[in-house]
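Here is a note for a colleague who is meeting this structure for the first time. Please read the points below with the sequence and the coordinates at hand.

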Amino acid sequence: MGIVSWIVLGLLAGGIAKFLLPGRDPGGLIVTTLIGVAGSFTGGWLSAKFLDKPIQTEFFDLATWGSAIAGSLVLLIAYRLLFGNSRS
């Protein structure tokens, strides 16, 4: 997969993570989608590095989507814990 595919995957994974973890985010929609992109990169890297599951070249691989969504959830939770009280 190319960089554009990872960005699209990250946007979709961020949306799914936001759906799974509802509520107000301190940064709004744009920051949440950027967290999704970063989470997909982080989840893919962690999956390849520590779980010995290499990143697939196919866009519709279940393990790739799972790692991207998991990475997005982790970053979204961390972001809420760090910056949760900054917005009313």
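This is a predicted model: local features need pLDDT of at least 70, side-chain atom pairs count only at pLDDT 80 or more; totals for chains, interfaces and linings use all residues.

1. Residues are numbered from 1 along each chain as its sequence is written, and side-chain values use heavy atoms, with hydrogens and water left out.

2. The protein chain has 3 helices and 0 strands, and along the sequence they follow the pattern α-α-α; helices (H or I, at least four residues) and strands (E, at least two) are DSSP runs numbered from the N terminus. Of the 88 residues in the chain, 33% are buried, where buried means under 20% relative accessible area, exposed over 50% and partly exposed in between, with a 1.4 Å probe and protein chains only. Among contacts (heavy atoms within 4.5 Å) between residues at least 6 apart in sequence, 81% join residues at least 24 apart.

3. Helix α2, residues 28-50, has 23 residues and reaches 31 Å from its first C-alpha to its last, which is close to the expected 33 Å, the expected span being 1.5 Å times one less than the number of residues. Its buried residues, among them Gly28, Ile35, Gly39 and Ser47, pack against α1 (3-20) and α3 (62-83). After α2 comes Asp52, whose phi is positive, near 55 degrees.

4. How do the axes of α1 and α2 cross? They come within 7 Å and cross at roughly 115 degrees, where axes are lines fitted to C-alpha atoms, for helices over the stretch in contact, and angles run from 0 to 180 degrees between N-to-C directions. That makes α1 roughly perpendicular to α2, since angles under 35 degrees count as roughly parallel, over 145 as roughly antiparallel, 65 to 115 as roughly perpendicular and the rest as oblique. The contact involves residues including Trp6, Gly10 and Gly14 of α1 and Gly36, Ser40 and Gly44 of α2.

5. Ser72 lies in helix α3 and is buried, with a relative accessible area of 1%. Leaving aside residues up to four places away in sequence, Ser72 touches Ala13, Gly14, Ala17, Ile35, Gly36, Gly39 and Ser40.

6. Phe50, by contrast, is exposed, with a relative accessible area of 60%.
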